[in-house]
Amino acid sequence: MSSKTMAMADPSKNLVTRLRERVCSRQFLYDNKSLIALLVFMLVVSLFSPSFFTVDNLLNILRQTSVNAIIAVGMTFVILTSGIDLSVGSVLALSGAVCATLIGMDVNIVLALTATLALGAMLGCGSGLIVARGGVQPFIATLVTMTLLRGVTMVYTDGRPISTGFSATADAFSWLGTGYFLGIPLPIYLIAIVFAVAWYVLNHTRLGRYVYALGGNEEATRLSGINVNRIKLAVYGISGALSALAGVIVTARLSSAQPTAGASYELDAIAAVVLGGTSLAGGRGRIMGTLVGALIIGILNNALNMLNVSSYYQMIAKAAVILLAVLVDTRTGKKA
């Protein structure tokens, strides 16, 4: 019997062989290195903490990760264009303060949320305008807006928390951060919606193609007739709007807006993006990788807390993980 006849006689064996070869290939392992690292990490943590794989703990991890994951989506858009946004934490704080004020004034929730997201998008576009029109490096531009907006937040709040009050509107608003639907925390649904929309935009829209093109080669993108400045404004606006959404979740969870909210959140967001495999040089990365990166950070924090590790050592552990991800990104970038 010929080899062709044997293959036709046992197609399942041929399919299994091809599947095994694909899964074990170097390219497959490289493309899914973040997911593989997450699974291995979860397995290791479960060995040290039997209570890790409980439903309550996993839902708690997802809920705690929601804020960083949503901010990281906006950060992914920015980094894909070879930019950076250090102002996300300050945007979160100011947007949360304004949202708390509106809810405290018993403004309609839909109107308050719309105004808050619009404010976040406007603040993000402000950073984008400095980068696009002013020609300032993204790091410097967003460092300036980070400091500026943090100062504005302190002035606006007078350095004090702003309560959402005790009205029916405030109770309904708090459900966004603490409520459950079908036994699942509401922020988890928000994560799913945000990532689904972001995945569609990056993979099936003209804006997504332009974002990747801009990060790959800005000059070539400009010469091809694409309005580069408009794309930069769009991605920073998206980053600002999602930071505002994260601010809404934090404010709803605490029923108040803290003037120091969002401090250092930009570092966790950047770490999630890099851990997810998105290149800091731009033009290469996947939005689902960002979700994996955010989960790695969330599980790391959860595992260290469950093992009663000091918060000081947690900072060292997180820095080591981020450094490892950057080194891997740099090495693979050189090979590319």
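Thr251 is buried, at a relative accessible area of 3%. Buried means under 20% relative accessible area, exposed over 50%, and partly exposed in between, with a 1.4 Å probe and protein chains only. The model is predicted: local features need pLDDT of at least 70, side-chain atom pairs count only at pLDDT 80 or more, and totals for chains, interfaces and linings use all residues. Residues are numbered from 1 along each chain as its sequence is written, and side-chain values use heavy atoms, with hydrogens and water left out.

Thr251 sits in helix H13. Helices (H or I, at least four residues) and strands (E, at least two) are DSSP runs, numbered from the N terminus. Beyond its neighbours within four places in sequence, Thr251 contacts Gly96, Ala100, Thr164, Phe173, Ser256 and Ala257. Contact means heavy atoms within 4.5 Å.

Thr251 also lines the largest cavity, as do Gly96, Ser256 and Ala257. A cavity is a set of points on a 1 Å grid, over the protein atoms alone, where a 1.4 Å probe fits but cannot get out; lining residues have an atom within 4 Å of a point. The structure holds one cavity of 30 Å³ or more.

**Cores**

A nonpolar core is a set of buried Ala, Val, Leu, Ile, Met, Phe, Trp, Tyr and Cys residues joined through side-chain atoms within 4.5 Å. The largest has 58 residues; Val73 and Ile299 are among those with the most contacts inside it. Helix H5 gives the largest share of this core, twelve residues. Leaving out residues up to four places away in sequence, Val73 touches Val194, Phe195, Ala198, Leu242, Ile287 and Thr290. A second, separate core of eleven residues includes Cys99, Leu176, Leu186 and Val248.

**Whole chain**

The chain has 16 helices and four strands. Of its 336 residues, 45% are buried. Among contacts between residues at least 6 apart in sequence, 78% join residues at least 24 apart.

How values were computed. 1 Å grid on protein atoms, 1.4 Å probe; cavity = no way out; pocket = protein on both sides within 12 Å on 5 of 7 lines; lining within 4 Å. Points joined across faces, edges and corners; volume = space filled by probe spheres on them.
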